[in-house]
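Hello,

Here is the structure I promised to pass on. Please have a look at it first, and then read my notes below.

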2 protein chains.
Amino acid sequence: MRVRVLVRLKPGILDVQGAAVQKALAGLGFTEVTDLRVGKVIEVELQTATADAARARVGEMCRQLLANPVLEDYTIEMADDLARRGAVR
Amino acid sequence: MRVRVLVRLKPGILDVQGAAVQKALAGLGFTEVTDLRVGKVIEVELQTATADAARARVGEMCRQLLANPVLEDYTIEMADDLARRGAVR
């Protein structure tokens with residue numbers, strides 16, 4: 001089972017890396033960027049019987065290790081959510 | 001226009017951070033994880049007339065700054081791709 005986790009700073013938290021990238025892009029002429037935030041994507045391959053079990057286990061991993069609940073939010077996306085779009089590669 | 005960029009190490013490249021996280025998860029009892037890779041997610045808000053223009057500009061940003069073409073692959077996902085699923089927050 002393939003699961004994708006997105007870990008991002010919570011909305012109120014200053015994203016220093018994002019601000020630096022946005023400034024660098026502006027310096028290259030990409031002045032149309034109005035906001036930019038950088039986070040982590042963690043792609044987990046795990047052996048579970050069902051998609052629901054995989055989602056539950058990955059949620060537990062997020063709470064215990066992958067995300068810092070003080071500063072970060074996380075989103076879990078299953079491979080079948082992803083396959084529904086054409087955007088996966 | 002809201003665009004999401006996923007930047008990941010190319011398949012053949014050793015992902016040290018991913019290996020460390022996988023090992024830490026195994027230590028916490030998550031032994032069902034068979035593979036784990038860590039990458040970056042960059043969420044860009046930009047002002048363009050059309051979604052196609054936004055995708056083209058973000059592609060240019062990836063080639064010039066956001067991704068290292070030697071080591072990394074990138075995927076561009078538009079907000080409307082994301083809205084089609086229920087997984088966005």
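What follows is a short tour of the contact between the chains, the helices that cross it, and the salt bridges.

Please keep in mind as you read that this is a predicted model.

Next come the helices. Helix H1 (residues 16–27) of chain A packs against helix H2 (residues 51–66) of chain B at an angle of about 105 degrees, and their axes are 11 Å apart. An angle from 65 to 115 degrees counts as roughly perpendicular, and H1(A) and H2(B) are therefore roughly perpendicular to each other. If you zoom in, you will find A:Val21, A:Ala24 and A:Leu25 of H1(A) meeting B:Met61, B:Leu65 and B:Leu66 of H2(B). The contact of these two helices has six nonpolar residues, with no polar and no charged ones.

Then look at H1 of chain B with H2 of chain A. Helix H2 (residues 51–66) of chain A and H1(B) pack at an angle of about 105 degrees, with 11 Å between their axes. That makes H2(A) roughly perpendicular to H1(B). Here A:Met61, A:Leu65 and A:Leu66 of H2(A) make the contact with B:Val21, B:Ala24 and B:Leu25 of H1(B). By class, the residues where H2(A) touches H1(B) are six nonpolar, no polar and no charged.

Finally, the salt bridges. Over all chains the structure holds 16 of them, and six salt bridges lie across the interface of chain B and chain A. One to look up is between the side chains of B:Arg57 and A:Glu32, at 2.4 Å from N to O.

Within chain A, A:Glu43 forms a salt bridge with A:Arg4, and their closest N and O atoms are 4.0 Å apart. A:Glu43 lies in strand S2 (residues 33–46) of chain A and A:Arg4 in strand S1 (residues 2–9) of chain A, so this pair ties together parts that are 39 residues apart in sequence.

Best wishes

Methods:
Residues numbered from 1 in each chain as written. Chains lettered and ligands numbered in written order. Predicted model: local features only at pLDDT ≥ 70, side-chain atom pairs only at ≥ 80, totals over all residues. Heavy atoms only, no water. Axes fitted to C-alpha atoms, helices over the stretch in contact; angles between N-to-C directions. Helix = DSSP H or I, 4+ residues; strand = E, 2+ residues; numbered from the N terminus. Parallel < 35°, antiparallel > 145°, perpendicular 65-115°, else oblique. Contact = heavy atoms within 4.5 Å. Nonpolar A, V, L, I, M, F, W, Y, C, P; charged D, E, K, R; others polar.
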